[in-house]
Amino acid sequence: AQIEEVKKVADNAAYLRMRARVHDVIGQRLSILHRYLEEGRLDDESLEQIDPLLRSIAADLRSGGASEPAEQLGDIVHAFGLVSVQIDVEGALPEDARVAAAFLQIIREASTNATKHAQAHQVHVHLWQEESNGCDIARMTISNDGAPAPVSYREGTGILGMRHVAQDLGGSLEVHAAPPFTLTVSIPLTPNAAVRRRSS
């Protein structure tokens, strides 16, 4: 009975991971497809780009997101590039796998929001690490050139979700709505990751 209970817990965890993966992958791809349709880009060249974009959904889900973080970041940059949204990345993802995964999730969500809500054409991601009060911190800012946030701006579920991703790892996410719209993320690194960084 205990083995069956453990199996149920494992199955539920796998289900939750897959559900999150479907939300991330399909949400990003559909936002990009929506941009194509909004711009009326249905010429032969655009259709040739849409086809692999849609096929990548199944491929990405089959992989389970098992590729290296840097490769996943490259995939995000490439996918948004198909709809003329340029993501410039300055710096590198942290070696801490959990923090890198959190940064990737936030980059994907922030870029999707910038494309969908602000009609942005350029997103700038700055990644770096620094020491604060004896603790190594991974930091990231994400800004875009989209339309300014309205005066009555309120945080939606996307911002709240990204903030929870950071908070789950003991970090924080701040929003600076004044142009350019910028997210500032800080997450402490585990001691092992900090040692690897200093020895590299």
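Predicted model: local features only at pLDDT ≥ 70, side-chain atom pairs only at ≥ 80, totals over all residues.
User: Why is Gln49 called partly exposed?

Analyst: Its relative accessible area is 24%. Buried means under 20%, and exposed means over 50%. The value for Gln49 falls in between, so Gln49 counts as partly exposed.

User: Where does Gln49 sit, and what does Gln49 contact beyond its neighbours within four places in sequence?

Analyst: Gln49 belongs to helix 2, residues 44–63. Leaving aside those neighbours, Gln49 is in contact with Tyr36, Arg41 and Leu82. Contact here means heavy atoms within 4.5 Å. The C-alpha atom of Val83 is 9.2 Å from that of Gln49, and these two residues are 34 apart along the chain.

User: Why is Ser143 called buried?

Analyst: Ser143 has a relative accessible area of 19%. The cut-off for buried is under 20%. The value meets that cut-off, so Ser143 is buried.

User: What makes helix 3 roughly parallel to helix 4?

Analyst: Two packed helices are described by the angle between their axes and the distance between the axes. Helix 3, residues 69–81, packs against helix 4 at an angle of about 5°, and the axes are 10 Å apart. Angles under 35 degrees count as roughly parallel. The angle is under that limit, so helix 3 is roughly parallel to helix 4.

User: Which residues make this contact?

Analyst: Helix 3 contributes Pro69, Gln72, Leu73, Ile76 and Phe80. Helix 4 contributes Ala100, Leu104, Ile107, Arg108, Ser111, Thr112 and Thr115. The residues of this contact of helix 3 with helix 4 divide into seven nonpolar, four polar and one charged.

User: How many cavities of 30 Å³ or more does the structure have, and what is the volume of the largest cavity?

Analyst: A search of the whole structure finds one cavity of 30 Å³ or more. The largest cavity has a volume of about 40 Å³.

User: What lines the largest cavity?

Analyst: The lining is made of Ser31, His34, Arg35, Glu38, Thr115, Lys116 and Gln119. Helix 1 (2–38) and helix 4 (97–116) each supply at least two of the lining residues. The largest share, four residues, comes from helix 1.

User: How do you know that this lining has no nonpolar residues?

Analyst: Asp, Glu, Lys and Arg count as charged. Arg35, Glu38 and Lys116 are therefore charged. The division is no nonpolar, four polar and three charged.

Key:
Residues numbered from 1 in each chain as written. Heavy atoms only, no water. Buried < 20%, exposed > 50% of the residue type's maximum accessible area, 1.4 Å probe, protein only. 1 Å grid on protein atoms, 1.4 Å probe; cavity = no way out; pocket = protein on both sides within 12 Å on 5 of 7 lines; lining within 4 Å. Points joined across faces, edges and corners; volume = space filled by probe spheres on them. Axes fitted to C-alpha atoms, helices over the stretch in contact; angles between N-to-C directions. Parallel < 35°, antiparallel > 145°, perpendicular 65-115°, else oblique.
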